[in-house]
Amino acid sequence: MSFKLLFIHFLVTYMVLSEILLMSFSYAKNTNCPSGYPKKGVGVEKEDIDKMQFAVNLEFLEAEYFLWASYGFGLDVVAPNLPMSGPPPIGGRKANLDQLTNNIIMEFANQEVGHLRSLNSTVGVFPRPLLDLSAKHFAKIFDDAFGHKLVPPFDPYRDSLSYMLSCYVIPYVGLVGYVGTNPNINGYETKRLLAGLLGVESGQDAVIRMYLYERAAELVSPYHYTVADFTSRISGLRNKLGNCGIKDEGVYVQSPLGAENRTRSNVLSANFGSLSYKRTPAEILRIVYGSGDEHVPGGFYPKGANGKIAKEFLK
């Protein structure tokens, strides 16, 4: 790159950063834009930290899966300080995505990096656990969901629809985990963190579900099952592993499970009061370990999840 181009690049970067700093200073001084935080109270209660850190396991999983699929590399390249020397994921690779889907997943990937940064700055993070993102692992998940081996084995990296079906497996678990954590958080900064994370995770899940809902009647090549069948089977598997009743639903349901018992369409999964379902850390571990037992690691976390709460179950 020539000196002239370097200078122009520096000048543009300087102007953009200067504008951001000026806007930040302006908002900070503007009495019309208060923080909204209470004048009294504790920002981060000590008891909040472990509960919020539990979510770091899922944020690592989502960040790595989305990064590898959209960029072809993960956190060790994008944000090498965040994994804290944790082992690199198993089997992550670039997915064969069309431009629209790649743009969606690339945005999700960077949002997850932001989530990890926000968690780190508020409650701290721990080293990235060993993650299994391999096609072989996803094939097992879908085999378990259908109750028999799919032929050929399901490959999430094969095409856009296969990848979005695999995404149906992950973010929703984090969403219901945040809903379950919410009543147990006390600090106003940790409450703000949780609400912000939950808002974006819910949005991601809604995008994935709408993507699949629009294609609900399509057959998933090369199988003889529709997209709706796939979502129902995965939701059924998670309900079975979680072992706490129905807290997960596909994009089509029987009307007794629909909104106000009137709809079969189920773009958003919700309970009888149209509120998000909630799960405990134990339920989440049963699902992401694929073992149905929070004490038996496996699945996405071959050696178990990290953090105090997950480690206590492993004892």
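**View 1. T231, a buried residue of helix α9**. In this predicted model, T231 has a relative accessibility of 1% and therefore counts as buried; the cut-off for that class is under 20%. Its helix, α9, spans residues 227-242. Leaving aside residues up to four places away in sequence, T231 touches Y168, L212, G250 and V251. V169 lies 62 residues from T231 along the chain, yet the two C-alpha atoms are separated by 8.8 Å.

**View 2. The aromatic pair Y223 and F230**. A pair of aromatic rings is described by the distance of the centres and the angle of the planes. The structure holds 15 aromatic pairs. In the pair shown here, the ring centres of Y223 and F230 are 6.1 Å apart. Their planes meet at 45°, so the pair is tilted. Stacked pairs would need planes under 30 degrees apart, and edge-to-face pairs over 60. Y223 and F230 are both buried. Ring pairs also tie these two into a cluster with F142, F146, F154 and Y225.

**View 3. The largest cavity**. A search of the whole structure turns up 1 cavity of 30 Å³ or more. The volume of the largest cavity is about 90 Å³. It is lined by 13 residues, and F54, A55, G177, Y178 and T181 are the closest to its centre. Three helices, α2 (46-71), α7 (171-181) and α10 (281-288), each supply at least two lining residues. The most come from α2, which gives 5. By class, the cavity lining divides into 7 nonpolar, 4 polar and 2 charged residues.

**View 4. The largest pocket**. This pocket holds about 240 Å³ of space. Its lining counts 17 residues; H137, I141, L241, I287 and G290 are the closest to the centre. Two or more lining residues come from each of α5 (135-146), α9 and α10. Helix α9 is also the one that carries T231, and α10 supplies at least two residues to the lining of the largest cavity as well.

Key. Residues are numbered from 1 along each chain as its sequence is written. This is a predicted model: local features need pLDDT of at least 70, side-chain atom pairs count only at pLDDT 80 or more; totals for chains, interfaces and linings use all residues. Side-chain values use heavy atoms; hydrogens and water are left out. Helices (H or I, at least four residues) and strands (E, at least two) are DSSP runs, numbered from the N terminus. Buried means under 20% relative accessible area, exposed over 50%, partly exposed in between (1.4 Å probe, protein chains only). Contact means heavy atoms within 4.5 Å. On a 1 Å grid over the protein atoms alone, a cavity is a set of points where a 1.4 Å probe fits but cannot get out, and a pocket is an open set with protein on both sides within 12 Å along at least five of seven lines; lining residues have an atom within 4 Å of a point. Grid points are joined across faces, edges and corners, and a volume is the space filled by probe spheres set on the points. Ala, Val, Leu, Ile, Met, Phe, Trp, Tyr, Cys and Pro count as nonpolar, Asp, Glu, Lys and Arg as charged, and the others, Gly among them, as polar. Rings of Phe, Tyr and Trp (its six-membered ring) pair if their centres lie within 6.5 Å; planes under 30 degrees apart count as stacked, over 60 as edge-to-face and the rest as tilted.
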